[in-house]
Amino acid sequence: MGAYLVKRLLMLIPVLLGVSLVVFGVMSLVPGDPALAILGPYATPERLAELRTELGLDHSWPVRYGIWLGGVLDGDLGRSVSLERPVLEAVLERLGPTVLLASTALLLGTLLGLVAGMVAALRHNQLTDRLVTFGVLLGISIPSFWLGLVLILVFAVWLGWLPVSGMTQVWSDASSLWSVADVARHLLLPSLSLALVAGGVIGRLTRGAAIDVLASAPVRMARARGVPERRVLLVHGLKSVSARMVPVIGLQAGFVIGGAVYIETIFQWPGLGRLLVEAIAARDLLLVQGGVLVLAAAYVLVNLAADLTQHALDRRTRAA
Amino acid sequence: MTTLGARLLRQPGAMVGLGLLGLVVVPALAAPWLPLADPTLTMPAQRMLPVGSTGHPLGTDALGRDLLARLIWGARSSITVGVVATLVAALIGSLIGILAGFFGRVTDALLMRGVDVLMAFPYLLLALAIVAALGPGLGNAMLAIAAANVPFFARAVRGAVLGIRHQDYIDAARLAGHREWWIVIVEVLPNLIPTVLLLMTTTLGWMVLETAGLSFLGLGAQPPDADLGAMLGTGREFLTTYPRVAVLPGFVILILVVGINLFGDALRDLLDPRLRDRGRRLGPRRDDRRRDDRHTREEEHRRGGHHRRDAFEEERGDERHQGEQNADRTETDATEPANDSASATGSRPPLIAAKGLSVLVPSEGGAAAAVDRLDLQLRAGERVGMVGESGSGKSLTALALLGFAPPGGRLEGRVELDGVDLLPVDADALRDLRGRRIAYIPQAPSDALDPLLRVGYQLREAIQAHTSETSVNTGSGVGEERAAERASTQEGSGGRSEADPVQKAAVMVGLGDSRRNQSGADTSKRIETLLKKVGLDGVADIQRRFPHELSGGQSQRVAIAMALAHEPDLLIADEATTALDVTVQAEILALLERLSRGRDRSLLFVSHDLALVAGLCDRVLVLYAGRVVEDAPRERLLEKPAHPYTAALLACSPELGRPDKPLPAIPGQPPSPAESTWGAVAAGCRFAPRCPKAQPVCEQGEPALDELASGHRVRCLFPENDDARAEESR
């Protein structure tokens, strides 16, 4: 485990460097003068000149990247034009709610997907399997932003069981035990909108993996030794399936983070996704850059965690 | 292509998918010619007209625009953008994949590292960043989504190219002096088309969803253009008051994407052979087997292909008829020598006997018999070898003795342990018997052990499978044990008196629950004894390891230790030495010999190596294409093999000290289960097409398994070393 951990941590460095390079590169796709694009048409010539030096626009591309990267490592992501405050501060403030939403959604989706996939595999080619397969296909095909709206319509507007929005208020007031319950109430619909879709993908792949595993030699050998069926399924079956599914779940974190952009917009969730949409609308490029960088880094870390978990489940995996 | 189309049309998923697609795509394509209102014409006076208004079947939106027209034109926009984005991503991604895969080395390393980094992004985020930089707009949104999906195509196409690159015809083209670009265009590209098409159908749904999502956020299609995503985004404002304005566009997207995905799945099932088998059913669960048999038969009939299958059924019916007569005859044939030797050893019934055992496997034309009406007997203490080429059905037979059917297949006939048929008993009785009375050692050491669990855990599990510690998992072990004891002493009048006769009989022969009490310390001691018995030192160390940390020989010793855990009456070693190095092979053989000699334990040793089998076993069965072709005592088989196939097998095994001995290969291939069930060789002797002595008569009827000498049976009209018979037939 130790050697694997070190190797895998070392591998983070080039990946994170690559991610930063892409984020920087994409932002230089901006047509025309970046300083003008950032500050907008009403900026004073003095401010424009100042920003040009700040961004190192008179230098070559690699030098500018170096300057920017140095700033990033120092915790300086620039200053948001629309919010008139440091980008890092604004981004970190919004990170918490997004992490809460995304991790809840991923957890729910994983549970749903694993259970559905295992059940379908155990009832392979029977009615249950067909129903699950169709449900899973529906999950994959459903637009999460539409599902969010439908859930609001049914559970908030028609039934009146759950709140539509108002998380911003709850989040800033969160202090007592009561507010935990309140957060949970606000969390249910948005996380469900994401979880049903993520669960679709996870369920579909779990079904395939479980069908393979249940027909595999180690499972058959456990049965040949007379190991009770429940133990064969829960120990041998589930462990193999989990080991295969953990990387897939890590990849689904990417979907959940992306989907959070829609869902936060729909549910007025005070997270990073909504901040990004607002920043794009306001042409606040440095804020977009900072937000994307932080979310991408978070995704890289989630996948690191997934790889470590997989290694813990299956010691044969190597850091490639 | 026509056959592919025809096969697609037979898939219900494909049909439903096409139907749903048509529902959305046909009106969208026909939009310019349909009598629709102008989708962008605003009429503030006619704002939010309800469904069914004159001239507006689905009503109007907040600006008085006709909703139906906007839905149809919006679908047109969403489909166009999704398709174009897919094409762009496929084109660029394939180009990168081809370059990386075909030219390899530096190009590959550079391109693929780039792809890896792009894949380290949540792709919607990448698309958002690109739109943020380029500015909102439908074209930019499409480009952004396409760009975010390029890595996916690049990686998959590179994989496909790597597969193609090492094909012989590429080397041939190179040797012929063609330039690299010529090879790429003429040899590689055409072979990539199916892969890329498949990837496109599977990603199209995503692309439609993602571009709609960007429009929903206001970053794609701009007002007043009709686009499903944008309609959903603007309709959101009126969700509580006029839900249809937002819900309908989303519903159209859902229908469209479900259609695409259903169709794509069906296409993938047909095109991707690796995934195709996954759709086939697993072995039916034991208790469902009878019902399933009927079910699959009905299904087979319903699915059509009547001509071939009906012929098959009839033929098999006839065969069965003959088979029954044959069985009667062969049974007397078979029991006679058994009785002879039984009287010598003290008149005991066979420990295990297969009677008319068939293993049916799925094939293109229906269920084919990979093992066909096989008879086999093992007396207590007897060591029998089973030889044959791969595909002869020897491993399937070995597994069938434990009641295992192959994935998607089923068993027919009887497998009797102490005279009781195992195949109809329930899953729990069968479980109790596996590992306790019959133990199995598989071919590859990697098959024997679960790679994810420590060796010690698996040893413990194997022991506890039949001791009361498993009560944690299976309920009250002690209680069941008592019930079983009562049942067996009072012949079923105790705890299991209500059980059906089969179960009662099962309990009587010791199939019922009879787990012994064993404490954790006992288990540890038992593990230690077992590991020592199979010649493993460092007991604690071995237990701490994972299977991949053991050598092949060590793994196989552990597997044998597990098999011995409950002192089974029958040990089945299925090619147990094949995957090992030669020296280790010899050690394991010696171990198996030691463990089976001088006890009442029977050994069924399955191998393709006749010499190996002959060295270990008292009697040898030779299998060919699912049939026993020869059954003889060891010495007799080695000295006077009767079946031409056996003779050929002996001729092609190398001999020590005779390096100059020619090793003739047997020409041709053994028939597949389908071929021998209803194909080319179904009518006659299955070996006839490869047999040097074959006569026309050999193809007219399958020879019976006739007794040649005492205890020596052969399925051949012209056996070797049988001058009298050969003379007579001339």
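Of the 730 residues of chain B, 45% count as buried, a residue being buried if 20 or more other C-beta atoms lie within 10 Å of its own, exposed if 12 or fewer, and partly exposed in between, with C-beta atoms placed from the backbone. The model is a predicted one, in which local features need pLDDT of at least 70 and side-chain atom pairs count only at pLDDT 80 or more, whereas totals for chains, interfaces and linings use all residues. Residues are numbered from 1 along each chain as its sequence is written, and chains are lettered from A and ligands numbered from 1 in the order in which they are written.

Chain B has 29 helices and 12 strands, where helices (H or I, at least four residues) and strands (E, at least two) are DSSP runs numbered from the N terminus. Among the contacts in chain B with a separation of 6 or more, 69% are accounted for by residues 24 or more positions apart; two residues are in contact if their C-beta atoms, placed from the backbone, lie within 7 Å.

In chain A, the domain assignment gives domain 1 (2-84) and domain 2 (88-319), such bounds coming from an automatic or database domain assignment. The C-alpha centres of domain 1 of chain A and domain 2 of chain A lie 31 Å apart, and the contact takes 24 residues from domain 1 of chain A and 21 residues from domain 2 of chain A. On the side of domain 1 of chain A that touches domain 2 of chain A, the elements giving two or more residues are α1 (2-27), α2 (34-39) and β1 (79-80) of chain A, and the largest share, 12 residues, comes from α1(A). The residues of this side of domain 1 of chain A divide into 15 nonpolar, six polar and three charged, with Ala, Val, Leu, Ile, Met, Phe, Trp, Tyr, Cys and Pro counted as nonpolar, Asp, Glu, Lys and Arg as charged, and the others, Gly among them, as polar.

Between the chains, the contact takes 68 residues from chain A and 67 residues from chain B. Elements that give two or more residues to the side of chain A that touches chain B include α1, α9 (177-214), α11 (229-266) and α13 (285-313) of chain A, and α11(A) gives the most, with 14 residues. By class, this side of chain A has 47 nonpolar, 11 polar and 10 charged residues.

The largest nonpolar core has 166 residues, of which B:Ala127, B:Leu128 and B:Ala129 touch the most other members; a nonpolar core is a set of buried Ala, Val, Leu, Ile, Met, Phe, Trp, Tyr and Cys residues joined through C-beta atoms within 7 Å. Helix α3 (residues 67-103) of chain B supplies the largest share of this core, 16 residues. Domain 1 (2-84) and domain 2 (88-319) of chain A both give residues to this core, so it lies between them. Leaving aside its neighbours within four places in sequence, B:Leu128 is in contact with A:Val261, A:Leu276, A:Ile280 and A:Val292. Another core, of 110 residues, lies apart from the largest one and has B:Val359, B:Val425, B:Leu580 and B:Val606 among its members.

Within chain A, A:Arg94 is found in helix α5 (residues 87-122) and counts as buried, with 22 C-beta neighbours inside 10 Å. Not counting residues up to four places away in sequence, A:Arg94 touches A:Pro270, A:Gly271, A:Leu272 and A:Leu275.

Helix α24 (residues 582-596) of chain B has 15 residues and reaches 21 Å from its first C-alpha to its last, close to the 21 Å expected at 1.5 Å a residue, the expected span being 1.5 Å times one less than the number of residues. In α24(B), B:Ile588, B:Leu592 and B:Ser596 are buried. Seen down the axis of α24(B), the buried residues fall within an arc of 60 degrees, so they line one face of the helix; the arc is that of the directions from the helix axis to the C-beta atoms. These buried residues of α24(B) pack against β3 (383-387), α23 (552-564), β7 (570-574) and β8 (602-607) of chain B, whereas B:Thr583, B:Ala590 and B:Arg594, on the other side of α24(B), are exposed.

In α21(B), B:Arg526, B:Ile527, B:Leu530 and B:Leu531 are buried, and they cover an arc of only 130 degrees around the axis, which puts them on the same side of α21(B). What covers them includes α17 (455-464), α22 (539-544) and α23 of chain B, while B:Ala521, B:Lys525 and B:Lys532, on the other side of α21(B), are exposed. Just after α21(B), B:Gly535 takes a positive phi of about 80 degrees.
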